[in-house]
Amino acid sequence: MHDDSVNKWNLKLTDGVPMQFGIFSVGDVTTDPTTGRTPTETERIRAILRIAQKAEEVGLDVFATGEHHNPPFVPSSPTTMLGYIAAKTERLLLSTATTLITTNDPVKIAEDYAMLQVIADGRVDLMMGRGNTGPVYPWFGQDIRQGIPLAIENYALLRKLWDEEVVNWEGKFRTPLQGFTSTPRPLDDTPPFVWHGSIRSPEIAEQAAYYGDGFFANHIFWPADHFKRLITYYRRRYEHYGHGSADQAIVGLGGQVFMRKNSQDAVREFRPYFDNAPVYGHGPSLEEFTEQTPLTVGSPQEVIDRTLTFRETFGDYQRQLFLMDHAGLPLKTVLEQLDLLGEEVVPVLRKEFDSLRPAHVPTAPTHETLVAHRRIRK
Amino acid sequence: MEKRHIVVLTAGLNQPSSSRMLADALAQSTGAALEKAGVEAEFTTVELREHAHAVTDMLLTRFPSAELREVMDQVKAADGVIAVTPIFTAGPSGIFKSFVDLFTTEDFDGKPALLGATGGSARHTLVLESAIRPLFTYLRADLATTAVFAATDDWSGTDEANPLPERINRAGAEFARIVSNYTNPGAFDEFAAAPDFLDLLQS
């Protein structure tokens, strides 16, 4: 049974931040509709590396990369990218959005991210997802109809590999393991914090709740009431499994913004990118999509106001990631956007969210809080 | 008196449209047959034309606009669906097919359905059986055996061997029987149906 006063992750450390703000990148190579120019893969990869470093420069907390195995996406090898960014940054927390728990070998995930933990000195967590490209399953020898069972079994094995030194294991989807030790061991015997991302499956919210892990709602492409059901379900089940009360569950949300000092300038500049965007282009109008989803195109103040409404919808939460570099936006523009985000938006959001957050709501988990928590449990 | 709520879908494009006329006639015969069986029927008619943009948007974005969601929720919760489309190029109209594509088998599993179609001549009649019935069979709807095709000529009432009103009444009576025997489980709720984690782990 849980003690109401102490949530699983509720450890206030002076060097931690109560709420994390950051960016997540899909890593699409998309033609800039205003110039007709398509960046090369190399240009795009280097742009992503630059964007990640910029995130730290402007005072953001998190950079998360997607994982894809088909063009027009470039980030197929997240820990290679994140390892480089780790060396180039000092504070930035490196994460994924998402790591394919269905088609990656959980043994390789255990090893890769434990290695990254050491290299980044603990500045690592990751987000599990099932992916959105059907053929990735057969390309990696799996069956898409087994998506949920794969996510469940692979993650159970991943946890075991991180939590237990010597693993004997047998499951449905992978060669059995006898006397296997995943190396390196997690940093300070403390595996990275795990988020589970899903846009529609209650089973994944259930999985996150069961383990007391975080739940991330991508949020950006669908209406808020859809994600509200998913997050409410996760929070309720988190409480059911005894990790804390529902409002102490660890929630992350996506957001998508484009800003200029003047609202009209933002709309005018972003519209061609919106109209031709890979995910929603040629569908609803910018105005309709702005109303239906969290997309905010306008002034920094409008972004602040809109983002604060997320808390009203979903409750106090721990991580806010913005999608900033997609749909063919040039690097220069993305860097300008990050300046606005880091200088004008996030400082206000930090203050506002902090003043609204009740004391019993946990701060965002980090390696330090997890290590401290582990010490207390022992 | 027992009550049933039936959603009538019509994908006609003209105003007035013969698909709408057929849909109204099918609803009327169904209502009359249900009333005879002591069941009060309430009908909601949806002109898919009015949702054409929203349907296309949803195919692209995968989420419905607020208004479209209301229509979809009505279909999911209905005690029966009457669906009528014009025949275009040996198939249902694109709007009709696109709308049907927004649903899953969970939404239609066991749901009573009655089909109708309209077209220029009787040569298109079997499109209803070969191209439209399979959509609803796939969705696991409980279909009335009789589906009604109305060619332009049928509205003249000169077919004495097998007149349109007779076919409409036969279809309405069949559909009404299925509807009155149907126990509606309510719209499928994936959260209510979500398994406990330990079941997930063991399966």
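Predicted model: local features only at pLDDT ≥ 70, side-chain atom pairs only at ≥ 80, totals over all residues.
1. Let's start with helix α2 (residues 78-88) of chain A, where P78(A), T79(A), M81(A), L82(A), I85(A) and A86(A) are buried. Viewed down the axis of α2(A), these buried residues stay within an arc of 155°, so they line one face of the helix.

2. As for what covers the buried residues of α2(A), the list includes helices α1 and α3 (106-119) of chain A, along with the strands β2 (62-65), β3 (93-96) and β4 (99-100) of chain A.

3. Helix α1 (residues 41-57) of chain A, one of the elements covering α2(A), also has a partner in helix α11 (residues 331-356) of chain A: their axes come within 10 Å and cross at roughly 15°. Because of that angle, which is under 35 degrees, α1(A) counts as roughly parallel to α11(A). The crossing of the two, α1(A) and α11(A), is right-handed.

4. From α1(A) come A47(A), R50(A), I51(A), K54(A) and A55(A), and they meet L331(A), V334(A), L335(A) and L338(A) in α11(A). Sorted by class, the contact between α1(A) and α11(A) has 7 nonpolar and 2 charged residues, with no polar ones.

5. Now to helix α12 (residues 367-377) of chain A, in which H367(A), T369(A) and L370(A) are buried. These cover an arc of only 165° around the axis, which means that they sit on the same side of α12(A). R375(A) and I376(A) are exposed, on the face of α12(A) turned away from its buried side. The buried residues of α12(A) pack against the strand β8 (193-197) of chain A.

6. Finally, the interface. Which helices of chain A each supply at least two residues of the side that touches chain B? In the contact, 19 residues of chain A face 13 residues of chain B, and the helices in question are α5 (147-163), α6 (202-211) and α7 (224-240) of chain A. The largest share of that side of chain A, 5 residues, comes from α6(A). By class, the side of chain A that touches chain B has 11 nonpolar, 5 polar and 3 charged residues.

Notes: Residues numbered from 1 in each chain as written. Chains lettered and ligands numbered in written order. Axes fitted to C-alpha atoms, helices over the stretch in contact; angles between N-to-C directions. Helix = DSSP H or I, 4+ residues; strand = E, 2+ residues; numbered from the N terminus. Parallel < 35°, antiparallel > 145°, perpendicular 65-115°, else oblique. Left-handed = near helix turned anticlockwise from the far one by under 90°. Contact = placed C-beta atoms within 7 Å. Nonpolar A, V, L, I, M, F, W, Y, C, P; charged D, E, K, R; others polar. Buried ≥ 20, exposed ≤ 12 C-beta atoms within 10 Å, placed from the backbone. Arc of directions from axis to C-beta.
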